[in-house]
Amino acid sequence: QVQLVESGGGLVQAGGSLRLSCAASGRTFSSCAVGWFRQTPGKEREFVAAISWNGGSTYYADSVKGRFTISRDNAKNTVYLQMNSLKPEDTAVYYCAAGRSSPKYYSGTYNYTYMYNYWGQGTQVTVSS
């Protein structure tokens, strides 16, 4: 069992930066792939970024590529999402999620919510214009 807790959200002006953290409990976390998703009211949860179990591979949505960076520290059971050059359209609740590493995951399904078994409660990010 893995439990996830996000932190680091808040209010920031356009062009600013935030770093989200996803702290995990559970001894299997270091073997899990981890993704960040975001959601706004009335919309489906949207893929943002993902990272392989060892941090060797990272994946990004086109909308955040070049601005966001995902990383992890397995010694601390934590995954990070560094968000730079934030835009008002980045405003959302951000969720981290953990799932089983598998060939299917790395073949291109890392952006689907059904690939993740564990979810955090979310942290609000608001970007003002």
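Visitor: Why is Arg-38 called buried?

Guide: This is a predicted model, and the values are computed from it. Arg-38 has a relative accessible area of 6%. Buried means under 20%, so Arg-38 is buried.

Visitor: What makes Glu-46 partly exposed?

Guide: Its relative accessibility is 35%. Glu-46 falls in between, so it counts as partly exposed.

Visitor: How do you know that Glu-46 and Arg-38 meet in a salt bridge?

Guide: Their side chains come to 2.8 Å, N to O. The cut-off is 4 Å between a side-chain nitrogen of Lys or Arg and a carboxyl oxygen of Asp or Glu. The pair is within it, so it is a salt bridge.

Visitor: What makes Asp-90 and Arg-38 a salt bridge?

Guide: The closest N and O atoms are 2.9 Å apart. That is within 4 Å, so the label applies. The pair links distant parts of the chain: Asp-90 sits in the loop between E8 and E9, Arg-38 in strand E4 (residues 32–39), and they are 52 residues apart.

Visitor: Why is the side-chain pair of Asp-90 and Arg-38 also called a polar contact?

Guide: The distance is 2.9 Å. A polar contact needs N or O atoms within 3.5 Å, one able to donate a hydrogen and the other to accept it. The pair is listed as a polar contact between side chains.

Visitor: Why is Asp-90 called buried?

Guide: Its relative accessible area is 1%. The limit is under 20%, so Asp-90 is buried. Among the residues in contact with Asp-90, beyond its neighbours within four places in sequence, are Phe-68, Val-125 and Val-127.

Visitor: What makes Arg-67 and Asp-90 a salt bridge?

Guide: Their side chains meet at 2.8 Å, N to O. The limit is 4 Å, so the pair qualifies. Arg-67 lies in the loop between strand E6 (58–60) and strand E7 (68–73), and Asp-90 in the loop between E8 and E9, so the pair ties together parts 23 residues apart in sequence. Both Arg-67 and Asp-90 are buried.

Visitor: Which residues do salt bridges with shared partners join into one network?

Guide: Arg-38, Glu-46, Arg-67 and Asp-90. By the salt-bridge rule, the count comes to four salt bridges.

Visitor: Why is Gly-15 called exposed?

Guide: Gly-15 has a relative accessible area of 51%. Exposed means over 50%, so Gly-15 is exposed. Gly-15 is in the loop between strand E2 (10–13) and strand E3 (18–25).

Notes: Residues numbered from 1 in each chain as written. Predicted model: local features only at pLDDT ≥ 70, side-chain atom pairs only at ≥ 80, totals over all residues. Heavy atoms only, no water. Helix = DSSP H or I, 4+ residues; strand = E, 2+ residues; numbered from the N terminus. Buried < 20%, exposed > 50% of the residue type's maximum accessible area, 1.4 Å probe, protein only. Contact = heavy atoms within 4.5 Å.
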